[in-house]
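Trainee: I've got a model open and I'd like to learn how to read it. Can you walk me through a few features?

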Amino acid sequence: MDGIIALYKERGLTSHDCVFKLRKILKTKKVGHTGTLDPEVAGVLPICVGRATKLAEYLTDEGKEYHAEITLGRSTTTEDQTGDTVAEKEISEPISAQEIAKVLDELTGEITQIPPMYSAVKVAGKKLYEYARVGESVERPKRQVQIDELKRLDSHEITQASPSFALRIRCGKGTYIRTLAVMIGEKLGYPAHMSALRRSKSGFFEEADCLTLAEIEEKMQADDLSFLKPLELGVQSFPQVMLTEALHKRVLNGALLTEQELFKEEIVPSSPVALLFDGKLTALYQKHPSRSGVWKPEKVIELA
């Protein structure tokens, strides 16, 4: 059983819960997720099964899309709706749509974030939430993240009676939407938190592609494996090379290949590249670190 599942993770489940349940449903141990979603967050969570687990890190690197609700006037320990109140400030004057649009524009592009204390980022071998749970505070590493789009989905003025607004966020790997909510609030002059979140897209998978755990179990019981998407979907964004039969045999054995063998007269792409034979993903190759013009296997996916 090899392939990628577009899972719709329901609220209340951790990403690990989903993997655990799918191992039972699919009757296989080789199951892995492509980046955690907090228990309170629903949405798209691609799951890799069998040989597709070798592609999990690449799927994790793909862009994400979220639908969030941002609430001004209160900040929390966790930066979302589950935490205790840290600060409150009454919204004394209405905040216009134009003011919010200006802030969203300022936060689009490459920005610097500090991960929240209630997160799985490791500092000195421990996860930040482990420090937070015992009341310890440590210096958190800054990180650069890419925000491709911040689009407001409503247009009302923000007031004390109506302090929340909806936002669509398209972003790169490692973005904390909770922290983004806090940053938006800071620029508007108010404490803020993320009051709701749903992941609407992850890499090549959208909500419309997804099935719940119950739906996958139902299909398994009917011997319908249509929910397993081909491995090739996981490398859609990679440059692709179609192998000859002779090269295919060498690649299966992990051979080094020259650029002339791989690309002939074509422009040499940046690594890695996906090598396919007869439409099926065989391996991922990358430039050799010390031998010019030579490519080496990063991962051989197909069984020899």
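This is a predicted model: local features need pLDDT of at least 70, side-chain atom pairs count only at pLDDT 80 or more; totals for chains, interfaces and linings use all residues.

Trainee: How many aromatic pairs does the structure hold?

Mentor: Rings of Phe, Tyr and Trp (its six-membered ring) pair if their centres lie within 6.5 Å; planes under 30 degrees apart count as stacked, over 60 as edge-to-face and the rest as tilted. There are 2 aromatic pairs here. Tyrosine 58 and phenylalanine 238 make an edge-to-face one, with 5.4 Å centre to centre and 85° between the planes. That pair links distant parts of the chain, 180 residues apart: tyrosine 58 is in helix H2 (residues 56-61), and phenylalanine 238 is in the loop between strand S14 (228-229) and strand S15 (240-242). As for those labels, helices (H or I, at least four residues) and strands (E, at least two) are DSSP runs, numbered from the N terminus.

Trainee: And which residues form the other one?

Mentor: Phenylalanine 263 and tryptophan 295, edge-to-face too, at 5.1 Å centre to centre and 70° between the planes. Phenylalanine 263 sits in helix H8 (residues 259-263) and tryptophan 295 in strand S19 (residues 294-300), 32 residues apart. Phenylalanine 263 has 2% relative accessibility, so it counts as buried; tryptophan 295, at 0%, counts as buried as well.

Trainee: What about helices? Which residues of helix H3 are buried?

Mentor: First the general idea: an α-helix has 3.6 residues a turn, so residues three or four places apart point the same way. In H3 (residues 97-106), Ile100, Val103 and Leu104 are buried. Down the axis of H3, the buried residues fall within an arc of 100°, so they line one face of the helix; the arc is that of the directions from the helix axis to the C-beta atoms. Gln98, Lys102 and Asp105, on the other side of H3, are exposed. The cover over the buried residues includes strand S10 (143-152), strand S11 (164-171) and helix H5 (177-188), judged by contact, meaning heavy atoms within 4.5 Å.

Trainee: Which residues lie nearest the centre of the largest pocket?

Mentor: Rolling a probe the size of a water molecule over the atoms shows where empty space is left. Of the 36 residues that line the largest pocket, Thr36, Leu37, Asp38, Tyr176 and Arg178 lie nearest its centre. A pocket is an open set of points on a 1 Å grid over the protein atoms alone, where a 1.4 Å probe fits, with protein on both sides within 12 Å along at least five of seven lines; lining residues have an atom within 4 Å of a point. S12 gives the most to this lining, with 3 residues.

Trainee: Where does aspartate 38 lie?

Mentor: In the loop between strand S2 (31-33) and strand S3 (42-49). Aspartate 38 is partly exposed, with a relative accessible area of 32%. Leaving aside neighbours within four places in sequence, aspartate 38 is in contact with Lys9, Leu13 and Arg178.

Definitions and conventions: Residues are numbered from 1 along each chain as its sequence is written. Side-chain values use heavy atoms; hydrogens and water are left out. Buried means under 20% relative accessible area, exposed over 50%, partly exposed in between (1.4 Å probe, protein chains only).
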